Amino acid sequence: MSYEVTIEPLGETIEVEDDQTILDAALRAGIWLPHACCHGLCATCKVDVVDGEVEQGDASPFALMDFERDEGKCLACCATPTSDLVIEADIEEDADAEVHPVEDYAGVVVAIEALTPTAKSVIVELDRELKFQAGQYVNLHLPEIGQTRAFSLANSPSEKRRVELQIRHIPGGEATSFVHQQLKVGDKVDITGPYGRFFVRRSADADALFLACGTGISSPKSMILDLLEQGDDRNIKLFHGARNQTELYDRDLFEQLAADFKNFRYTPVLSQPNGDQTWEGAVGYVQDVAQSHLENDFRGHQAYLCGSPNMIDSAITVLMQGRLFERDIYFEKFISAADAAQQSQRSPLFKSI
Amino acid sequence: MSAKKLGLREKYSKMTRDLSWEPSYQPMEKIYPQTEMEGLKIEDWDKWEDPFRLTMDAYWKYQAEKERKLYAIIEAFAQNNGQLNVTDARYINALKLFLNGVSPLEYAAHRGFAMAGRQLPGVGAQVACQMQSVDELRHVQTQVHTISHYNKYFNGLDDFRHKHDNVWYLSVPKSFFDDAMTAGPFEFITAISFSFEYVLTNLLFMPFMSGAAYNGDMATVTFGFSAQSDEARHMTLGLEVIKFMLEQHPDNVPIVQRWIDKWFWRGYRLLSLVSMMMDYMLPKKVMSWKEAWEMYFVQNGGALFEDLARYGIRMPKYWEQTVAGMDHLSHQTWNTFYTHNHAAAFHTWMPEEDEMQWLASKYPESFDKYYRPRWEHYKKLEEEGKDFSNPSLPMLCQTCQIPMFYTEADDPTTISYRVSEYKGDKYHTCSDGCKDIFDHEPEKYIQAWLPVHQIFQGNCGGGSLEEVLDWYRLNQGVENVKYHLSEDFSNWKKWKGLDPETESDDEPRQVSNG
Ligand SMILES: Cc1cc2nc3c(=O)[nH]c(=O)nc-3n(C[C@H](O)[C@H](O)[C@H](O)COP(=O)(O)OP(=O)(O)OC[C@H]3O[C@@H](n4cnc5c(N)ncnc54)[C@H](O)[C@@H]3O)c2cc1C
Ligand code: FES
Ligand SMILES: [Fe+2]
């Protein structure tokens with residue numbers, strides 16, 4: 001048995017099992033709610049129950065007062081729903097977030113193109129328009145193997161019926177191996193979405209800095225196409241990393257954009273060119289190249305990072321050395337089952353990074 | 001468009017941030033003269049993120065209900081003679097240490113946060129400090145109620161203010177806070193909110209509160225819950241302040257690092273009192289000091305410092321020495337109190353055989369080799385009626401004010417001494433950590449009120465031990481004896497009907513002093 005819990009002011013709805021705490025379900029759904037002790041003592045996780053009923057669990061009488069219980073408050077770390085709920089949490093309502101409800105779409109694969117030996121572009125035509133905000137992702141359901149995996153939307157949001165996924169092959173990975181070895185044009189797939197809170201904060205008066213590696217270019221591609229289509233005139237800098245030239249794709253597209261739009265700057269970066277004489281571009285890790293190009297001063301930017309958890313962690317460290325901090329750093333970590341299994345202990349110093 | 005309901009955040013900002021104003025007829029530097037004296041560079045106060053969004057009116061409402069609940073429980077505890085339900089009267093000595101040593105620090109914190117709030121120009125920081133200042137006042141009041149109750153039945157709790165200001169070992173916690181309060185506002189918050197309440201809090205709070213729960217002291221447990229609901233706010237303030245300083249300017253990083261080094265070490269030294277409480281004073285043990293240090297500092301602290309590394313902050317200097325010292329800290333501290341019990345306002349004792357076994361199992365590297373033989377020797381002397389006492393006055397560390405009894409981190413048989421010279425005089429410190437602190441601000445620490453120096457200078461009532469103890473207002477022969485000879489012990493046996501020789505009283509009788 002599970003309940004639907006809507007979290008205001010985000011307007012996002014999550015599923016909560018009847019013996020699961022609201023906090024646990026929210027964090028698992030990628031929604032950050034304030035919390036600290038996680039067992040009912042500190043009151044950091046207090047939320048308003050606007051509609052519905054909860055069981056208060058082990059909330060300490062000093063952390064959740066009687067009058068607050070009467071006023072319909074609960075501690076998200078202890079409370080479990082006993083009906084569908086609407087709660088209001090003390091989190092920032094993001095003025096730049098568009099609200100697009102999550103829905104299920106039926107799709108057909110209409111094109112598959114090898115971008116590199118390890119990445120494929122998969123174009124799926126949907127039964128109807130999917131509205132999303134550039135940067136968001138969808139869950140791809142592969143009926144033949146009965147598996148669902150997350151992939152970012154690489155197309156511009158102005159393209160609503162045909163979505164592009166750029167899928168890297170994870171050696172030994174069930175879903176991505178299937179996509180690379182068996183999926184063919186004409187196959188039916190299901191798509192659910194859009195999800196995620198990775199999007200450009202346009203209201204900020206700042207340059208946009210994108211750091212992307214491998215198939216992590218998918219979201220930034222959509223975000224940059226969208227910004228340029230909308231005539232956004234902020235400076236946009238993309239550092240695009242790949243191992244070597246064969247792994248670097250969509251370079252022509254970005255070089256063309258850089259020629260057409262003077263506020264867009266494109267820097268491809270190879271981490272292991274291994275003596276490739278034809279490569280005249282930057283060599284190293286994207287974050288290090290960005291650091292030297294910007295002379296270790298990232299102030300005045302908003303950074304958007306996309307790719308593997310390792311790349312994102314290193315990039316955050318570099319950005320902070322260049323004095324850009326949590327409030328100006330946004331990212332999408334392409335977590336796979338292997339990464340999720342080895343998440344290390346974190347301190348509460350940072351909220352999301 | 002219909003009027004939109006204010007989100008929690010907006011509501012807070014209207015009720016707090018929007019209450020500030022730009023001064024027009026006095027310059028900011030004159031209103032906030034301490035902002036720059038510590039060398040920090042603050043470029044933009046608007047980047048201060050209020051770590052919790054609580055408006056003052058809501059604050060009063062919460063605290064009032066907490067008080068109501070807490071006092072109802074304390075009242076019931078008193079009515080039901082709750083003090084008789086503790087494991088045994090040895091436990092009360094842990095309370096004596098806490099209530100004489102730590103409770104006055106809550107009051108000091110109340111003053112310190114009021115001063116810090118006055119000196120910080122940002123309104124978010126001001127409100128946070130104001131609330132914490134009032135919190136601390138509440139904490140000390142509730143603890144004074146606990147003192148008042150236990151003081152009716154046990155010795156050593158009757159004069160906590162006077163003792164805190166004068167008695168030698170209580171100068172350790174007192175000078176810790178005095179040091180913080182006489183620094184600037186940012187160092188104060190780094191010292192108290194970050195180093196103490198965040199990094200080290202679990203090592204102070206957890207042992208006392210779980211210790212109280214394990215040992216049947218429900219009055220203290222309830223106080224603990226009530227305070228913990230404030231504590232989260234305090235810790236968050238500590239984290240926010242650190243992030244704020246580090247993000248404002250790169251030149252702040254070395255300053256903050258030095259404060260972290262200093263206050264980590266000072267806090268660690270202060271916690272030696274807790275270490276002996278955990279390993280020796282709780283009749284029913286929660287966990288060993290070593291286990292607590294490994295879990296709360298090495299693991300949790302390690303995760304924090306991994307995150308702080310992003311700002312260029314490293315682990316506190318000399319943290320390795322604290323790990324090397326885990327096997328010895330509590331034993332050496334307890335040894336000192338046991339051998340100086342005649343000058344302390346609580347009782348000490350030698351562990352029972354089952355406790356020795358527990359200690360040996362928790363400290364396989366050190367206990368049987370270095371400490372058990374000593375304890376067995378003391379016990380033998382006790383049996384012969386010749387309790388061991390050390391009548392000499394020890395040399396104190398100029399920084400932490402603890403007698404110089406700690407050994408070198410890598411050699412438990414050599415006492416650790418460090419010496420600095422300043423303006424032609426020699427100053428002694430107990431460790432590299434304390435020496436660094438002294439050397440950085442010698443002008444501050446040469447003014448330290450060191451209890452032993454004060455005795456020798458004739459400022460503590462006279463030259464003999466009796467005169468000094470009288471001046472401490474220590475009820476001699478009652479408060480300052482070993483547990484097996486104490487009135488607490490004989491009363492306890494009477495009340496609990498444990499002594500076959502005396503009749504058990506129906507009503508616990510109150511003790512004579514106090
Ligand atoms: C929000 C989001 C957006 C994403 N967008 C994209 C995108 O646009 N493009 C893209 O290429 N990728 C993207 N990813 C990553 C993509 O979802 C994963 O690569 C994909 O789920 C892998 O699926 P798989 O079935 O092939 O591998 P899985 O079978 O799920 O596992 C991957 C590997 O981990 C190993 N493994 C599994 N479980 C464990 C375990 N418990 N411990 C250790 N190892 C284990 C497997 O053997 C395998 O080698 C995104 C991820 C997220 C979260
Ligand atoms: S997180 Fe501390 S009470 Fe919920
Ligand atoms: Fe010292």
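## A loop residue with positive phi

Asp250(A) is found in the loop between strand S15 (236-242) and helix H5 (251-260) of chain A. Helices (H or I, at least four residues) and strands (E, at least two) are DSSP runs, numbered from the N terminus. The phi angle of Asp250(A) is near 60°, a positive value in a residue other than glycine.

## Basis of the model

This is a predicted model, in which local features need pLDDT of at least 70 and side-chain atom pairs count only at pLDDT 80 or more, while totals for chains, interfaces and linings use all residues. Residues are numbered from 1 along each chain as its sequence is written, chains are lettered from A and ligands numbered from 1 in the order in which they are written, and side-chain values use heavy atoms, with hydrogens and water left out.

## Other backbone features

Chain B also has a residue with positive phi: Arg473(B), a residue other than glycine, has phi near 60°. Arg473(B) sits in the loop between helix H22 (465-471) and helix H23 (487-496) of chain B. Its relative accessibility is 46%, so Arg473(B) counts as partly exposed. Buried means under 20% relative accessible area, exposed over 50%, and partly exposed in between (1.4 Å probe, protein chains only).

The peptide bond between Glu8(A) and Pro9(A) is cis, with omega about 0°. Pro9(A) belongs to the loop between strand S1 (2-8) and strand S2 (12-17) of chain A. A cis peptide bond also runs from Gly193(A) to Pro194(A), with omega near 0°, and Pro194(A) is part of strand S13 (residues 188-195) of chain A.

Gly214(A) lies in the loop between strand S14 (207-213) and helix H4 (218-229) of chain A. Because its relative accessibility is 27%, Gly214(A) counts as partly exposed.

## The shell around ligand 1

There are 25 residues around ligand 1, and Arg149(A), Ala150(A), Gln166(A), Ala175(A) and Thr176(A) come nearest. A residue is near a molecule if one of its heavy atoms lies within 4 Å of it. The shell consists of 12 nonpolar, eight polar and five charged residues. Here Ala, Val, Leu, Ile, Met, Phe, Trp, Tyr, Cys and Pro count as nonpolar, Asp, Glu, Lys and Arg as charged, and the others, Gly among them, as polar. Elements of chain A that each supply at least two residues include strand S12 (162-168) and helix H3 (174-181). S11(A) gives the most, with four residues.

Oxygen atoms of ligand 1 lie 2.8 Å from a polar backbone atom of Arg168(A) and 3.0 Å from one of Pro171(A). A polar side-chain atom of Ser218(A) is 3.1 Å from an oxygen atom of ligand 1. Taken alone, ligand 1 exposes 990 Å², and the protein buries 75% of that. Accessible areas come from the Shrake-Rupley method with a 1.4 Å probe; for residues, only the protein chains shown count as cover.

## The iron site

Which residues supply the protein donors of the iron ion (ligand 3)? They are Cys397(B), Cys400(B), Cys430(B) and Cys434(B), each through SG, at 2.3 to 2.4 Å from the ion. Donors are N, O and S atoms within 2.8 Å of the metal (3.2 Å for Na, K and Ca); water is not among the atoms, so sites may look incomplete. The donors follow the spacing C-x2-C-x29-C-x3-C along the chain.

Cys397(B) lies in the loop between helix H18 (367-383) and strand S1 (407-408) of chain B and Cys430(B) in the loop between strand S4 (425-429) and helix H19 (432-440) of chain B, so the pair ties together parts that are 33 residues apart in sequence. Both Cys397(B) and Cys430(B) are buried.

Definitions and conventions: Polar contact = N/O pair within 3.5 Å; in protein donor to acceptor, adjacent residues only side chain to side chain.
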